[in-house]
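The entry is shown below, and the notes follow by topic.

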Amino acid sequence: MRLENKVAVITGAAAGFGEGMARRFAEEGAKVVVADLNARGAERVAAEIGEAAIWTQTDVSQRSEFDEMVYAAKSAFGRIDIMVNNAGYTHRNGDMLDVDEATFDLITAVNMKAIYHAALAVVPIMERQGGGVILTTASTAGLRPRPGLTWYNASKGWAITATKSMAVELAPKNIRVNCLCPVAGETAMLEKFMGADTPEIRERFRASIPLGRLSTPLDIANAALWLASDEAAFITGVALEVDGGRCI
C-alpha cells in the first residue's frame with residue numbers, strides 16, 4: 001500500500017492515462033479525486049473505484065474550477081498530498097501553419113496554463129501540510145520533437161522546463177515536482193497524434209519504439225505511482241521517459 005493515507009487529485013482522469021493512474025493509486029491505498037471535463041466519464045471511474053474516490057467536473061483552463069476542485073477534495077478527504085496534472089490537448093498531426101488560433105490557445109491553456117493554476121491552488125496547501133508531490137504528464141514530444149505536432153511539442157517542452165524550475169523553487173518546502181514523458185499510447189488523442197488511424201500508420205509508430213509497442217495506461221500509472229510514492233522521496237525535477245526506448 002504505497003500511497004496509504006495519501007490524497008491524490010488527478011485531472012483528465014475520466015479515461016486513458018488519467019483513469020489508469022486513478023485506479024492504480026486507489027489500489028495502493030490512496031483516496032482519489034477523479035477530475036475531468038467529461039463529467040459522465042469521471043463519475044463512472046469514481047463509481048467503479050468505490051468509496052476511495054470522488055469525482056468533479058473540472059475545466060483545467062479555468063482557475064475558478066481548480067478552486068472548486070480543491071474545495072471538493074479537502075471537503076471529502078481533508079488534505080491534498082499529490083497533484084497530477086494529466087489533462088492534455090493536441091492538434092491533429094499536420095502542417096504547423098494549418099493550426100488555427102483557437103486550437104493553439106486551447107493547447108496552451110490545457111497543457112501549460114493549467115500547471116500554473118494547479119500550483120496556485122495546491123502549493124499553499126502542501127506547504128501547510130509539510131510537503132507534497134506535483135506530477136505532470138508531459139511527453140516524449142517535449143524531448144524529441146518531430147514534424148507534424150509542432151505546437152503540441154512546444155507545450156510539452158514548456159511543461160518539462162516548468163517542472164524542473166518548480167522542483168528547484170519548491171524543494172525547500174518539501175514539495176517534489178516531476179513529470180512523465182510517455183510515448184504515444186492507446187488514448188483518445190492517439191488518432192490526432194497519428195493524423196489518421198490506419199494499420200500502416202500504427203505500424204510506423206510502433207516501429208519507432210525499440211520495445212515494439214505503444215504505451216498503455218498501466219505503463220504510465222506504474223511510473224506515476226513510483227514518483228508519487230515515498231520510494232521516490234529523493235527524486236525531484238525529473239522528466240521520466242516512459243517510452244519503450246523511443247528517446248534513445
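Is E203 buried, partly exposed or exposed? E203 has a relative accessibility of 43%, so this residue counts as partly exposed, since the partly exposed class lies between under 20% for buried and over 50% for exposed. The coordinates come from a predicted model. In this model the count of salt bridges comes to 16.

**Pair within helix α7**

- E203 forms a salt bridge with R206, and the closest N and O atoms are 3.3 Å apart.
- Both E203 and R206 lie in helix α7, which covers residues 199–207.

**Pair between R2 and E231**

- A salt bridge joins the side chains of R2 and E231, at 3.4 Å from N to O.
- R2 counts as partly exposed because its relative accessibility is 31%.
- R2 and E231 also belong to a network of salt bridges that links R2, R24, E27, E28 and E231.

**Pair between E191 and R92**

- The side chains of E191 and R92 meet in a salt bridge of 2.7 Å, N to O.
- This pair, too, links distant parts of the chain, its members being 99 residues apart.
- E191 lies in helix α6 (residues 190–194), and R92 lies in the loop between β4 (82–85) and α4.
- E191 has a relative accessible area of 31%, so E191 is partly exposed.
- R92 is also partly exposed, because its relative accessibility is 39%.

**Background on pairing**

- Side chains of opposite charge can pair when their charged atoms come close.

- H117 is part of helix α4, which spans residues 101–129.
- At 5% relative accessibility, H117 counts as buried, because the buried class is under 20%.
- Which residues are in contact with H117, leaving aside its neighbours within four places in sequence? They are V60, S61, Q62, R63 and F66.

Key
Residues are numbered from 1 along each chain as its sequence is written. This is a predicted model: local features need pLDDT of at least 70, side-chain atom pairs count only at pLDDT 80 or more; totals for chains, interfaces and linings use all residues. Side-chain values use heavy atoms; hydrogens and water are left out. Helices (H or I, at least four residues) and strands (E, at least two) are DSSP runs, numbered from the N terminus. Buried means under 20% relative accessible area, exposed over 50%, partly exposed in between (1.4 Å probe, protein chains only). Contact means heavy atoms within 4.5 Å. A salt bridge is a side-chain nitrogen of Lys or Arg within 4 Å of a carboxyl oxygen of Asp or Glu.
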